[in-house]
Amino acid sequence: MKVQGRMFIWLAVFILVMAIVYGVWSKEPAGTTALFLAFGLSIMIGYYLAFTARRVDVGAQDNKDADVADDAGELGFFSPHSWQPLSLGVGGAMAFLGVIFGWWLLFFSAPIIMIGLFGWVFEYYRGENANQ
């Protein structure tokens, strides 16, 4: 985590310099404010990572002699054959098309999204994949 903390702190320094240069050169308040806010966000993340790195064990990314496999671990459980993301994607696409063609399309897309969301949440509570 030390490496990530240093990267964000150096990014914050770079953004601060660019914010000052941009503010003096352009005299445009919205972009200057956005750059100063980006500086604030970067320094908060960098400080958090550097602060946390002192309290946790050294990770593989901080060891110069580490291999990629040293940082490997369990990533989690991923459903191998779920159709629910497809229905959510179709429903979401229809909902966004409703913004273009007319809000009436939301009446057709909302049930598709709800069915996909309900199916995704309760996928492992019913059918052949039930494990509860």
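Predicted model: local features only at pLDDT ≥ 70, side-chain atom pairs only at ≥ 80, totals over all residues.

**Entry 1: helix α4**

I began with α4, where Ser 109, Gly 116 and Gly 119 are the buried residues. They span an arc of only 95° around the axis, so they sit on the same side of α4. A reminder to myself: an α-helix has 3.6 residues a turn, so residues three or four places apart point the same way.

What do the buried residues of α4 pack against? I found α3 (84–101) there. On the face turned away from the buried side of α4, I noted the exposed residues Phe 107, Met 114 and Phe 118. I then checked the length: α4 has 16 residues and reaches 22 Å from its first C-alpha to its last, close to the 22 Å expected at 1.5 Å a residue.

**Entry 2: just past α4**

Next I looked at Glu 123, which lies in the segment after α4 (106–121). Is Glu 123 buried or exposed? Its relative accessible area is 10%, and the cut-off for buried is under 20%, so I logged Glu 123 as buried. I also looked for a polar partner and found the side chain of Ser 82, in polar contact with the side chain of Glu 123 at 2.8 Å.

**Entry 3: aromatic pairs**

I turned to the rings. A pair of aromatic rings is described by the distance of the centres and the angle of the planes. My count came to 4 aromatic pairs. One of them joins Trp 104 and Phe 108 edge-to-face, with 6.2 Å centre to centre and 85° between the planes. Trp 104 is partly exposed at a relative accessible area of 49%, while Phe 108 counts as exposed at 51% relative accessibility.

Phe 122 and Tyr 125 form an aromatic pair that is edge-to-face as well, with 6.0 Å between centres and 65° between the planes. I put Phe 122 down as partly exposed, at 34% relative accessibility. Ring pairs also link Phe 118, Phe 122 and Tyr 125 into a cluster. Phe 118 was already in my notes as an exposed residue of α4.

I moved on to α2 (residues 29–53), which has 25 residues. From first C-alpha to last, α2 reaches 36 Å, close to the 36 Å expected at 1.5 Å a residue. Which residues of α2 are buried? I listed Gly 31, Thr 32, Ser 42, Gly 46, Leu 49, Thr 52 and Ala 53. Their cover includes α1 (2–26).

At the start of α2, I saw a side-chain oxygen of Glu 28 reaching to within 3.3 Å of the backbone nitrogen of Ala 30. In the loop between α1 and α2 I stopped at Lys 27. Most residues other than glycine have a negative phi, but the phi of Lys 27 is near 55°, a positive value. Lys 27 is exposed, with a relative accessible area of 68%.

**Entry 4: what the record says**

Last, I checked UniProt, where an unreviewed entry places the feature "transmembrane region" at residues 7–25, 31–51 and 95–122. How much of residues 31–51 is helix? I got 100% helix and 0% strand, with the end C-alpha atoms 30 Å apart. For residues 95–122 I got 82% helix and 0% strand, with the end C-alpha atoms 23 Å apart.

Notes:
Residues numbered from 1 in each chain as written. Heavy atoms only, no water. Helix = DSSP H or I, 4+ residues; strand = E, 2+ residues; numbered from the N terminus. Expected span 1.5 Å × (residues − 1). Buried < 20%, exposed > 50% of the residue type's maximum accessible area, 1.4 Å probe, protein only. Contact = heavy atoms within 4.5 Å. Polar contact = N/O pair within 3.5 Å; in protein donor to acceptor, adjacent residues only side chain to side chain. Arc of directions from axis to C-beta. UniProt positions renumbered as here; feature names shortened; annotations may be inferred. Phe/Tyr/Trp six-rings, centres within 6.5 Å; stacked < 30°, edge-to-face > 60°.
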